Amino acid sequence: MEPVRFLGLSPLSWVVAIPALTTLGILFTPSAAKNAVRRIALAGMTLTFGIAIWILVQAAGDVGLDASARVLPRLAQKVEWVRELGISWNVGADGMGAAMVFLTSIVIFAGVLVSWSVEDRTKEFYLSLIALVTGVFGVFVSRDLFWFYFSYELAVIPMYLLIGIWGSTNKEYASMKLTLYLTTGAVCALVGLLMVYFRAWAFLKTPYPSFDLDYILMARDAGAFDATWRGMDFQVFAFPFLLFGFGAIAPMWPLHTWSPMGHAAAPSAASMLHAGVLMKLGSFAILRIAVPALPEGAVWWMPVVAVLCMFNILYGGLVAIAQKDMKFIVGYSSSSHMGYVLLGIASMTSLGINGAIFLMFAHGVMTALAFALIGFFYDQTHVRTIPDLGGMSHQIPFIGTAFVFMSMASAGVPGFANFASEVMVMFGAWQGGLKWQAVVAVLGIVPTGVYLLRAVKGAFFGPRNPRWDGLRDAVTPFQRLPFLFLISVLLLFGFWPRLLTDVIGESADELAGLLARAGGG
Amino acid sequence: MTPLLAALPPVTVQHYLLLSGLLFAVGLVGVLFRRNIIIVLMCLELMLSAANLAFVAFSRVHGNLQGQVMVFFSIAVAAAEAAVALSIIIALYRARGGVDVEDAAEMKG
Amino acid sequence: MGPELAPFAWAILFAPLAAAGVAGLLVRRRRGLAAAVAVSGMAVGLLCTLYLLARSLGAGEGEPTGFVHNVDWIRAGAFTARFGVVADRLSLLMALVVTGVGTPIFVYSIGYMHGDEGYGRFFACLSLFAFSMLGIVLSTNLLQTFVFWELVGLSSYLLIGFWFGKDSAVEAGKKAFMVNRVGDFGFLTGIILLCWSAASLPSFAGRNPLDFADLAAFYRAGGYEELAKASPHLLGLPVPALAALLVFCGAVGKSAQFPLHVWLPDAMEGPTPVSALMHAATMVAAGVYMICRVFFLFEPFPEALHAVAWIGGLTAFMAATIALVQTDIKKVLAYSTLSQLGYMVMAVGLAGATAGMFHLTTHAFFKALLFLCSGSVIHACHSQEITEMGGLRKAMPSTFWTWIIGTAALVAVPGTAGFFSKDEILAAAAHGEHASLPLLVVGLVTAGLTAFYMLRCTALTFFGEYRGHGHPHESPAVMTLPLWFLAVPALLVGWLGFPLLFHGHPWFQGEFGITGVKVHEGPHEFHLPLALVGTAFAAAGGILGWMVFGARRIDAAAWKERLLPLHTLLSRKYFLDEFYLWLVRTVQQGIAECSDFFEQNVLIRGVVDGLSAAVKASGRALRELQTGSIHTYVRFALAGSVLVVAWVILSAARGGNG
Amino acid sequence: MDIAGPFAPVLLETLSACGAGAVLLVDLFTPEARKSRVGAASLAVTAILFLAAWFGMEAGGETATLFGGSLVLDGMAVFLKRTFATAGLLAVLAAIRYEDRLPRGRGEFHFLLLSALTGMFLVSSVGDLMSMFVSLELVTLSFFILAAFRRERPESVEAGLKLLVLGSLAAAFVLFGTAFLYGATGDLTFAGLRDHLASLRGAPPSRDLLLGLLFVLLGLGFKIGMVPMQVWVPDVYQGAPAPVTAFLAVGSKAAGFALVLRLVTTVAGPGTKDSLQLLFTALAFATLFYGNLAAIPQTNVKRLLGYSSIGHCGYLLMGLAALGPASYYDESAAASGAAAILFYLLAYALTTFGAFLVVILFSAATGSDEMDDYAGLSRRSPLLAASLTVALLSLAGVPPLAGFFGKFMLMRSVALTGPAGFGLLVAGAVNVVIGLYYYLCLVKRMYVHPPKDASPLPVTGPTAALLYALTAALLILGIFPGAFVTLASDAARAAFGVGG
């Protein structure tokens, strides 16, 4: 198999390298040259977007092919980094990874565009934004536990700055809380990762331990994780560290409280990335690391997840109903939707996992759209609470229409990718024996509709309010581009879900098979 | 040797060590409770001396001179320390007008 | 007739979607073009439907009368969801209703919406609705039905709340969407339940558990018993029965049956063509159509059919009583629609799919006609209150006469469309397989009530003196022509089903579509005595209505006083709206507020902030150790050292290993 | 190096001692108006030392011993010397930015810095207890004076006094403990200690030896700021002149750890590992939580960094706790702990100077060390704010910075001890979060809060270059740590007598 390389680096490495280089480029641009900063960011993210599309196309082309004919395995790249510690720069992607890289590139592309109007410390803003997304890309392509964790943590601090500096509403509290929460989750996961790392090495007894995911999986197959640890089954003992560590960012009830607050305080692009991508890191990590490494632990703990996700779905929805701030509504709605993702994972079926990954994608795009829209009018109105708003569709019809589209996508109306994925999760949950959870998931569409329609009505409908006469709509194609772009992505994958589900399918099959062999499913 | 001394049990290394420990303890108690910095300093020197005594005693036990050499070094160090200490105490006196340990308790928390 | 005709079926589906897309892009510029595109999208659908229908009816003996064309929409693991079109007589008849009623209404809208700010948007949404509705009609499987089910809900939401500046319109749209969602909850649960219980059976292997055709074949082969045996009872019901009832929930929502009917009257906030097309003719009939499509689920389970029939009957009666006291012309029609939908559902429950479909078809034409007439009236009077109308028969002759035709059909004047379809339902209640005397009584009484409120409405609107403002004029031709266009089928379409005339026509005989919907057993009979009784009830109601409001022989106000509690009960719609409002405002909001309180105070302030406060407090406490005094420092260091030394020495002495 | 001849093993010590003298001479012959030459001379000396340490010494060379084993030059010594040389250079660079505020005695100031540096070089290659005590005292005594150097400021004198009393107490502990070790083994060399323990063949050592060891460890614990000997740290950090604090934080702590490492690598054996591991686990626990928790309510930047340095001592102790109980014991775990400590010290040196440089510049411009005065620094001087932020984040252990990798190595080495290290692993993880909180509190002031005084704080070219260089170094160490990890690992394995 001939590896695919551009200038010595695999496209997957470039996916991380280009944002990193963009960050450097911005770093060496004078602060005063705001437009140059913006253009560098846009250029870098456009390029990344192109590569991400290319990767997704390759992944789609791989479906159903023999292992030898596939392109995706040829994108893997492994470079020894720190021999003594067993760290290597190891990137690889399967369908799931390709989908997530694609999602990230979409969201950041739109995020760069909607941030065009940031005037305060523009350079620092884009620096944080692109640094954040570098970490996110790193998580999605890493096949080395160290780089995985490195990237995971890397994504946290820029978020702190983005919220702390350019945020609004209670930003100091929110940013600090978010950062500490995510870091707590990350270090909790680190403890789990290190336990797994140690067990693998203590069992395989190689000269050096290794953080390579394939090494861990090899150890798993050899039975390294079947031992006892402090009187408990190792897998059962170690899995919750990964589960709750990653679950904190997922965010799993009751670890979710950082997220709505963080959404509410963050500037548009940061909210977009935060809800669109950052939250997906958790569930992605569970699927990429926790479940493959410790399948029996997963089987043991998944019933717990299945209970918690019901809280996510219903409780999140109910709390969203009680909110007045638009961003809090979308924030709690995100935590509700992430319940579906967790439910899909907990179903331990191929269908459910596929749906969960697809939903991660769909929700990412949808929620990015939501925050872009809220940010668009909030920048002008400086209020976001429903009683203060109303009737804005008269003045900003384009934004109003786009908001209706977003709400419908979020409410799980067919035609948008969210519907297809949520239905897959619901069917998958039932198939996996989680009947009550499936019913709760279906029931969840009711509160979802309630708060979204209330938000639409509260902000955009109703009599014309002269207070908003000065609002500017998105009129130029450039202003409209991010919104139209995100909506079309949602519609495209909503109308033809197989563009993505087929790509994800094999990853999901593999995970479900693994769990089934471990005694679940 | 007077009969009185002969009547006592022979002085062993344990006795030296006991004395050394006693001296160390005395020094420690001084550091703990005396407020005059000069006296605190002297108590610190006493603790170093206690250690020196132990060195000499052990040197005797082991029959090598390493311990005694060590004592020379430590005495030299102690002298240097005393010099530095006194100068700092003078500075303190100039700054605060006293040499009470509690005079230097501005920074806390 | 085979899948080679699939492009025509796809064209029926996607022509309106393409129109919606194009119209959506033309929202601002070229408004006229947007309308033209929408109308032609619909016309394309109508033509394709007619062509396919002709092919189906013309199919020779032994030749299939329909076809199915599917593509895989989602594939994941062992799960495949398909997307396709089915063109059989059932779906084509329904498509004919949708496109046939839809096309004139689209044309009508050109005039009705003229000058509205959201002209282009209106046509985009209307086309979207047509797409969604045709999607339900042409759907080949349960999930696809659900997809378009929700899309219909979406377009309904958009169109009811079309005038988004009006709070009441937006609220009504919201209400419609949410009430439908409640029904959809049951629907989807039922689909999932059915899907996996069927898929888990070995005898089901190789089939798709969502597919109508596969499921129907399975049920025909005794699937019901097999399912009931294989899985334990849920909620006291056999699993397939529960699934059937849950699927029926969807129909309850969409077809506005009790207790989810509350959205439909409010939906009249939308523009009148919308009311005509969706909330009278097509969307609300989707539930009935869907039950017909999956009739095989209900067939083996008489209790389910019984429940369906009773829900229908209850709705029919209750809505008719409420219609008696409405003063808004569209509300009268809305409750009348509810009542007729109740009839249809009752028909399905009593007599099977054909009777329901028959009434659906006739009702679509005459109710759309009535709505358009009312629209024309509203257009002229700028008011919807019948108390502000009167004497319009002279000012608006076309509207008046078409209205009379529609009314005649609705009250089932012998010979009109409604007469035949209603008679079939009453016949089923009286003589059918599941005959039920109480339901027959309900049907007859409702027929009387229908005549009463329709004549009341007619009298108040078109007779007497004009009580409103300004001088109403007849509407332009673009609006009156569709009225006449619809008046013809409103009069005549019933004859298609008249047993004595078309008896033996394959249309209503044998198996009816790919899922094998059976026409009820035995040859159609025309029950003259029953028809006379039915007509008598209607005549009684009509005469009474005319006496009170037309001829004014009976003092309406006095009777109102006398029956005040009853009047209040009816005008407040049996207080159901208040109940739901209480449910939403108090119960749901209460739970939401409680959750929020828990979130804000227990989780955030309690656990999270509490934890951080504890950490900070311990930091402050530790800080106190640092007193600044050298003595404390020395003591601290010494105490610590003693502790460390003692611990190590003691543990060494005890453990003896270090 | 041939030119150094027989002095090659003590090249740096010799150079820095001579340099210290030379600086004094320069001071003597420089008129008052041109005193900046003193700093330049000192800078030249440390620059030479820096170059000599990084490029003039072989890391993997033969172990050289001198003066009958009193001094050894092995891989660990080389690594430490490089760290010290770097710290020394940075300390002088920081001092040059500070010395305008010294009323007098620039020559002495630089002389003392260099003499402390000499002591550190010696510390890194001690081979017996005698040279340990002497070199340690060389460092300590220099710092006594340096801390109290601004004797016109009461807090400086107070810092000196506190350092003096507690430092002397610690010295007494070390000396007393040394006496007991000598008594138990009859030898003052580390080699003799090792041989003695080896002769026990796994049996527990005598109580005298244990006592001696504990006394020495506690005495050294003073240097590194380990609970319960950490009490002096916050006061001295706050009161001492900023460059001194920085050097103290880096050099003194590293010197202490160099000695602890020497001692532990010597005594760690089958009979002692379990109790050592237990001891260091407990100490690491206490130190981690004490330092990080008490840092939370601080309002003075230097004091905050003082508490944080206690916390960092806790992390470093984790590396010692990686010695592991016998059942899971593998030399690699212990060596990885030592390697992690070495790497962490280097990263910590760069990071701490990054932070203190900004503190020095800020206090030079505003005369304040209060955290609240840092409000809005990002608007007044983006470079200062960014540099301090990077340094703080590195201290907090955030990728892609050096501190992250150091912490990662430490946690990893604890993890390699298996279930025994699990509790400490969790404690370390928890403290990462606590640490991040208080560092971010300062970042928040700089970036989020509006400035009280909006006047810009200009940064001169060379200073900016230095800040850029330090930031770059933190990034390089964080992203491309491989070469340094190799050096540290080789050194640690050699010290434990494992592999190459």
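**Charged pairs within and between chains**

Modeller: Both C:Arg181 and C:Glu150 are buried, where buried means under 20% relative accessible area, exposed means over 50%, and partly exposed lies in between (1.4 Å probe, protein chains only). The model is predicted, so local features need pLDDT of at least 70 and side-chain atom pairs count only at pLDDT 80 or more, while totals for chains, interfaces and linings use all residues; side-chain values use heavy atoms, leaving out hydrogens and water. Residues are numbered from 1 along each chain as its sequence is written, and chains are lettered from A and ligands numbered from 1 in the order in which they are written.

Side chains of opposite charge can pair when their charged atoms come close. C:Arg181 and C:Glu150 form a salt bridge, with their closest N and O atoms 2.7 Å apart; the term denotes a side-chain nitrogen of Lys or Arg within 4 Å of a carboxyl oxygen of Asp or Glu. Because C:Arg181 belongs to helix H6 (residues 167-199) of chain C and C:Glu150 to helix H5 (residues 142-160) of chain C, the pair ties together parts that are 31 residues apart in sequence. Helices (H or I, at least four residues) and strands (E, at least two) are DSSP runs, numbered from the N terminus.

Over all chains, a search of the whole structure finds 44 salt bridges. One of them links A:Arg38 to A:Glu119, whose closest N and O atoms are 3.1 Å apart. A:Arg38 is in helix H2 (residues 34-62) of chain A, and A:Glu119 is in the loop between helix H3 (95-114) and helix H4 (122-141) of chain A, so this pair ties together parts 81 residues apart in sequence. A:Arg38 counts as buried at 5% relative accessibility, whereas A:Glu119 is partly exposed at 46%.

Another salt bridge joins A:Asp120 and D:Arg379, the closest N and O atoms being 3.5 Å apart. Since A:Asp120 lies in the loop between H3 and H4 of chain A and D:Arg379 in helix H14 (residues 377-380) of chain D, the pair joins two chains. A:Asp120 is partly exposed, with a relative accessible area of 29%, and D:Arg379 is also partly exposed, at 47%.

Chains A and C meet as well. Their contact (heavy atoms within 4.5 Å) takes 58 residues from chain A and 52 residues from chain C. Together they bury about 5,000 Å², 72% of it on carbon and sulfur atoms; buried area is the accessible area (1.4 Å probe) that two parts lose on being put together, summed over both. There are 2 salt bridges between chain A and chain C. A:Asp502 forms a salt bridge with C:Arg75, with 3.8 Å between the closest N and O atoms.

On the side of chain A that touches chain C, helix H18 (residues 445-460) of chain A gives the most, with 9 residues. The residues of that side divide into 39 nonpolar, 13 polar and 6 charged. Here Ala, Val, Leu, Ile, Met, Phe, Trp, Tyr, Cys and Pro count as nonpolar, Asp, Glu, Lys and Arg as charged, and the others, Gly among them, as polar.
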